[in-house]
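This briefing summarises selected features of a predicted model. The sequence and structure are shown first, and the points that follow are grouped by topic.

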Amino acid sequence: MSAAYQLPAEREAALLAAIRGPSHSERQAAFQSLFEAFHRPLLSLCTHLTADRAEAEDALQETFLALHKALPGFRGEAQLSTWVYRIALRTALQVRARRSRNTTSLDAQSPALAVPDEGAGPDRLAAARQESERLARAMETLSAEHRAVLSLFAVEGLSHAEVAATLGIPLGTVWSRLHLARKKLLAALDAPR
Amino acid sequence: MDACDRFELAIEMRLHDALPPDEGAELDAHLATCERCSRFERRSLETQRVLTDTSGAVASAVDPGRVWAGVERLAREDKARIGRVAFLQVVLVLGAGFAMGNYLVAAAAILPVSVIVLSLLVWRSRAQARELALVGRSQEDVLALYRRILDRRIARLSRMCRVLPVIAIMELTLARPGAPWPKSLHREGMMVFAVVLSLFLAGQAVYLGRKVLPALRREREALKS
């Protein structure tokens, strides 16, 4: 598995120095670099956690706003990427909690997760959409903890060590939690609607 | 944990390239004989593929420029909130300065207050971001944090709702014709300033009481259920 979203240590240090530095333009440029590096994986994570593309975008925006505010106070207790994922996780859960209060269920609205693949024919496209929506509905039935572990493992380039660090659990626990989450997901997929 | 559970864990690890090769051989031998684990492997692969495909597809379909513009908009709104408070302070200094006939005295009285208010705003926004970064990882923790934030906000605004009309009435009593203003003050200017300020404060109290607080209480109630 590639480590596409892992910033090299020197790059991370340089970004943090620029973000804490006195120059406004450098701070902005560094923050934009952070956005460039992380917006894709964070969007994937937010999409799985919220099961709604528009809400995922909102969660992503709020995540970067929270990062913008909290970054000057980041003391390096964890790796920057771990910290970023952790904030995204919490923000997405918060956005989802807000939605569940207002609430339109996934049965009422079609989760807009399946995205047309330009090369696919209409039948395959419809099947992919159905499959993705079925999975999104099954994910909705899981607890936040289980959804979080499955979502983090679905982010391309995130290693199991990073997932464990993001969730704040030991390496061994991450596998057992993933296993339990997968079993629950499969049971939800099997359950009659 | 039965033997199949152990192999299911191994299947998860292999799915994420974390299974040592020797355990891989053992797993393959087991899969050749166990229908339950083979089925688990097929279905795990399938769900993982759909999850990962969806991730990639959604990420490619979203315009990062739009998201970035949204982040900048939110940051601007934050700054605008602080800007509004700063603007109000300037208006207060100008109004009070005009009424007192001395802008320097008005600035000396009001600016320290505005510095404190602005610092509190910045501190609160940072503290909230810090709290979000430190909160526990489960959905319950996030909900608890959100409830705390709402409770604090409701308590603060309720206090304001009670205090604002009192200040507005005090200002109005100062605007009455025989009010004991010092002779050095510009009397008419002071009265106009007091009336405008009391109307503004009363309007704020009504807005908070009728619109903002009920909405926040509804949100708080919904969070309980």
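A residue is called buried when its relative accessible area is under 20%. In this predicted model, B:Thr47 has a relative accessibility of 5% and therefore counts as buried.

**B:Thr47 and its surroundings**

- B:Thr47 is located in helix α3 of chain B, which spans residues 35–61.
- When residues up to four places away in sequence are not counted, B:Thr47 touches A:Leu135, A:Arg182, A:Leu185, A:Leu186 and A:Leu189.

**Packing of α1 and α2 in chain B**

- In chain B, helix α1 (residues 3–15) packs against helix α2 (residues 21–31) at an angle of about 120°, and their axes lie 10 Å apart.
- Because of this angle, α1(B) is classed as oblique to α2(B).
- On the α1(B) side, the contact is formed by B:Cys4, B:Arg6, B:Phe7, B:Ala10, B:Ile11 and B:Arg14.
- On the α2(B) side, the residues that meet them are B:Gly24, B:Glu26, B:Leu27, B:Asp28, B:His30 and B:Leu31.
- By residue class, the contact of α1(B) with α2(B) comprises six nonpolar, two polar and four charged residues.

**B:Met13**

- B:Met13 belongs to helix α1 of chain B.
- Apart from neighbours within four places in sequence, B:Met13 is in contact with A:Trp175 of chain A, and with B:Ala18 and B:Leu19 of chain B.
- Between B:Met13 and B:Gly24, which are 11 residues apart along the chain, the C-alpha separation is 9.6 Å.

**Chain A as a whole**

- Chain A contains eight helices and zero strands, and its pattern along the sequence reads α-α-α-α-α-α-α-α.
- Chain A has 193 residues, of which 52% count as buried.
- Among contacts in chain A with a separation of 6 or more, 67% involve residues 24 or more positions apart.
- The accessible surface of chain A is about 8200 Å², and carbon and sulfur atoms contribute 53% of that surface.

Definitions and conventions
Residues numbered from 1 in each chain as written. Chains lettered and ligands numbered in written order. Predicted model: local features only at pLDDT ≥ 70, side-chain atom pairs only at ≥ 80, totals over all residues. Heavy atoms only, no water. Axes fitted to C-alpha atoms, helices over the stretch in contact; angles between N-to-C directions. Helix = DSSP H or I, 4+ residues; strand = E, 2+ residues; numbered from the N terminus. Parallel < 35°, antiparallel > 145°, perpendicular 65-115°, else oblique. Contact = heavy atoms within 4.5 Å. Nonpolar A, V, L, I, M, F, W, Y, C, P; charged D, E, K, R; others polar. Buried < 20%, exposed > 50% of the residue type's maximum accessible area, 1.4 Å probe, protein only. Areas by Shrake-Rupley, 256 points an atom, 1.4 Å probe, with all protein chains shown as cover.
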